[in-house]
Amino acid sequence: MLNLFKSARHKNNNAIAQATKSLNQYGISATIQEHFTKFLQGQDNRSLFHANPRLIANYLQLSERETLNILVIALKEGIVTLNWDIQCPKCQGIDFAANQLDKLRTWHICPVCHHKHQSDADQEV
Ligand SMILES: [Zn+2]
């Protein structure tokens, strides 16, 4: 079991290293590219699922704007994905997750507590 995990992790690390090479064409320095690769390789799946751009900026020792620029490029290259989660104001659960802005709705009904609420996506995005 452990060997299978290590094998899969090794394959993932190679895939991450291959994917981040695509950042070269956007003028991302080799040092930043290497740090970004190590960040992606060093995090567990749970940490990467909802990665905070400010924490990534801190890890890379870059400004938030520089980090967002890299993340937008990484999004374009398919290295990362971007989702918008709508959180229920009553139970704090995630009642809707969209991977495209046009999928967001104005009104939501939480599937857990059935609270109907209006999203504040216009102010938050
Ligand atoms: Zn709820």
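Reader: Is glutamine 61 buried or exposed?

Author: In this predicted model, glutamine 61 is exposed, because its relative accessible area is 65% and the cut-off for exposed is over 50%. You will find glutamine 61 in the loop between H4 and H5.

Reader: What is the phi of glutamine 61?

Author: Let's take the general idea before the case. Most residues other than glycine have a negative phi. Glutamine 61 is not a glycine, yet its phi is positive, about 60°.

Reader: Where is histidine 114, and what is its phi?

Author: Histidine 114 sits in the loop between strand S3 (107-109) and strand S4 (116-118). Its phi is positive, about 65°, although histidine 114 is not a glycine. Histidine 114 is also exposed, with a relative accessible area of 61%.

Reader: Back to the loop between H4 and H5, please. Is leucine 62 buried or exposed?

Author: Leucine 62 has its place in that loop and counts as buried, because its relative accessibility is 17% and buried means under 20%. Setting aside neighbours within four places in sequence, leucine 62 is in contact with Ile32, Ala57, Thr67 and Ile70. For a sense of scale, the C-alpha atoms of leucine 62 and serine 119 are separated by 31 Å, and these two residues are 57 residues apart along the chain.

Reader: Now the helices on either side of that loop. At what angle do H4 and H5 pack?

Author: Here is the general idea. Two packed helices are described by the angle between their axes and the distance between the axes. For H4 and helix H5 (residues 64-76), the angle is about 105° and the axes are 9 Å apart. H4 and H5 are therefore roughly perpendicular to each other, since angles of 65 to 115 degrees fall in that class.

Reader: Which residues of H4 and H5 meet?

Author: From H4 come Pro53, Arg54, Ile56 and Ala57, and they meet Glu64, Thr67, Leu68 and Leu71 in H5. By class, this contact of H4 with H5 has 5 nonpolar, 1 polar and 2 charged residues.

Reader: How does H2 pack with H4?

Author: H2 and helix H4 (residues 53-60) pack at an angle of about 125°, and their axes lie 10 Å apart. That makes H2 oblique to H4. The crossing of these two helices, H2 and H4, is right-handed.

Reader: Which residues make the contact of H2 with H4?

Author: On the H2 side, look for His35, Phe36, Lys38 and Phe39; in H4, they meet Ile56, Tyr59 and Leu60. The residues of this contact of H2 with H4 divide into 5 nonpolar, 1 polar and 1 charged.

Reader: Let me zoom in on one of these. What does tyrosine 59 touch?

Author: Tyrosine 59, which lies in helix H4, touches His35, Lys38 and Phe39, not counting residues up to four places away in sequence. Tyrosine 59 is partly exposed, with a relative accessible area of 41%. Between the C-alpha atoms of tyrosine 59 and glutamine 41 there are 13 Å, and the two are 18 residues apart along the chain.

Reader: And asparagine 69, where is it?

Author: Asparagine 69 is in helix H5 and counts as partly exposed, at 45% relative accessibility.

Reader: On to polar contacts. Which side chain does serine 22 pair with?

Author: The side chain of serine 22 makes a polar contact of 3.5 Å with the side chain of glutamate 77. Serine 22 is found in the loop between helix H1 (2-20) and helix H2 (30-42), and serine 22 is buried, at a relative accessible area of 18%. Not counting residues up to four places away in sequence, serine 22 touches Glu77 and Ile79.

Reader: Which side chain is joined to histidine 117 by a polar contact?

Author: That partner is aspartate 95, and the polar contact between the two side chains is 2.6 Å. Histidine 117 lies in strand S4 and is buried, with a relative accessible area of 6%. Leaving aside neighbours within four places in sequence, histidine 117 is in contact with several residues, including Ile86, Cys88, Pro89, Asp95 and Trp107.

Terms used: Residues are numbered from 1 along each chain as its sequence is written. This is a predicted model: local features need pLDDT of at least 70, side-chain atom pairs count only at pLDDT 80 or more; totals for chains, interfaces and linings use all residues. Side-chain values use heavy atoms; hydrogens and water are left out. Helices (H or I, at least four residues) and strands (E, at least two) are DSSP runs, numbered from the N terminus. Buried means under 20% relative accessible area, exposed over 50%, partly exposed in between (1.4 Å probe, protein chains only). A polar contact is a pair of N or O atoms within 3.5 Å; within protein, one must be able to donate a hydrogen and the other to accept it, and residues adjacent in sequence count only if both atoms are side-chain atoms. Contact means heavy atoms within 4.5 Å. Axes are lines fitted to C-alpha atoms, for helices over the stretch in contact, and angles run from 0 to 180 degrees between N-to-C directions. Angles under 35 degrees count as roughly parallel, over 145 as roughly antiparallel, 65 to 115 as roughly perpendicular and the rest as oblique. A crossing is left-handed if the near helix is turned anticlockwise from the far one by less than a right angle, and right-handed if clockwise. Ala, Val, Leu, Ile, Met, Phe, Trp, Tyr, Cys and Pro count as nonpolar, Asp, Glu, Lys and Arg as charged, and the others, Gly among them, as polar.
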